[in-house]
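Good morning, everyone, and thank you for making time for this.

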Amino acid sequence: ERPLATSQYFARLTQRLVAAITAPTSEGVLYQADMRLRPSGNAGPLASSLNAFRIYQAESAWTWEHQALTRARVVAADDGLGQRIEAAIGDELSRQRDAGKVVDDVLEMRALMAKERPARHPFDLKLVGGGLVDLEFIAQSAQLLARKTIARPQAPTAQVLARLGEVDLVPEGARLALIHGVYSTVLQVMSAALSDPFRDDGWTDAFRELVAQLANAPSFSRLVEDLDEMRGEVRDAAARWYERARTL
């Protein structure tokens, strides 16, 4: 046996982990792991030291990477490593930021997503204007600019939205949390029941009735109307939030 450098050992370990969870099986793939989103993209190391992580986040990470960091969670750790990682994340997310730049960066990223990844279907509730991404961007940008006020580190989006209502940063916060729940329910039903949710041939009358029922709508046509109104509410709330966020 030959000794391996720490960085080489964990790079190989990570490669094996990713290969295991993305391997095609008779029942499909367990997880789709997009490693292109790691620091420095495809050119970056698969495994990073904690010190390198700190330096990257403080000196090189873009605003969208800090948005993602607001959802970061430790999956497994030992010997106090988890606490050290949480502390590193907390230190980065707690630092003072230029509110105007954060808002500009978030809006620029949202516009780029709308251009490069447009909605594929009227029920693509993640990517449509006023959809799930817009709710997530409200919560993430708020975590970057008002983390101490929100006091919900790494909380799920719906919890952050509700909290924004409680602290009066986004008065519609409770309503946005409810809308987030409706969007999530519909998307989960689509994903579970249809092999390709964005092909119309899967949207039978029975399936539409099921979606409406699980979303607590009296009919599918009413659900369509409600979702259209919800998207408008989200767009309006987002515009008001970003205007206010610039002054934080």
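Predicted model: local features only at pLDDT ≥ 70, side-chain atom pairs only at ≥ 80, totals over all residues.

Let me start with two aromatic residues, phenylalanine 123 and tryptophan 203, both of which are buried, where buried means under 20% relative accessible area, exposed means over 50% and partly exposed lies in between, with a 1.4 Å probe and protein chains only. Residues are numbered from 1 along each chain as its sequence is written, and side-chain values use heavy atoms, with hydrogens and water left out.

A search of the whole structure finds 5 aromatic pairs, a pair being rings of Phe, Tyr or Trp (its six-membered ring) with centres within 6.5 Å, called stacked when the planes are under 30 degrees apart, edge-to-face when over 60 and tilted for the rest. How far apart are the ring centres of phenylalanine 123 and tryptophan 203? They are 4.8 Å apart with the planes at 55°, so this pair is tilted. Phenylalanine 123 sits in the loop between helix 5 and helix 6, and tryptophan 203 in the loop between helix 9 and helix 10, so the pair ties together parts that are 80 residues apart in sequence. Helices here are DSSP runs of H or I with at least four residues, numbered from the N terminus. Ring pairs also link Phe123 and Trp203 with Phe207 and Phe220 into a cluster.

Turning to the nonpolar core, by which I mean a set of buried Ala, Val, Leu, Ile, Met, Phe, Trp, Tyr and Cys residues joined through side-chain atoms within 4.5 Å, the largest one has 56 residues, and those with the most contacts inside it are Ile138, Leu164, Leu176 and Tyr183. Its largest share, 10 residues, comes from helix 11. Leaving aside neighbours within four places in sequence, tyrosine 183 is in contact (heavy atoms within 4.5 Å) with several residues, among them Leu125, Leu135, Met230 and Val234.

Finally, consider threonine 25, which lies in the loop between helix 1 (6–22) and helix 2 (50–59). Threonine 25 is partly exposed, with a relative accessible area of 49%, and a polar atom of its side chain lies 2.6 Å from the backbone oxygen of glycine 28. By contrast, arginine 163, found in helix 8 (residues 157–166), counts as buried at 19% relative accessibility.

Methods
Helix = DSSP H or I, 4+ residues; strand = E, 2+ residues; numbered from the N terminus. Polar contact = N/O pair within 3.5 Å; in protein donor to acceptor, adjacent residues only side chain to side chain.
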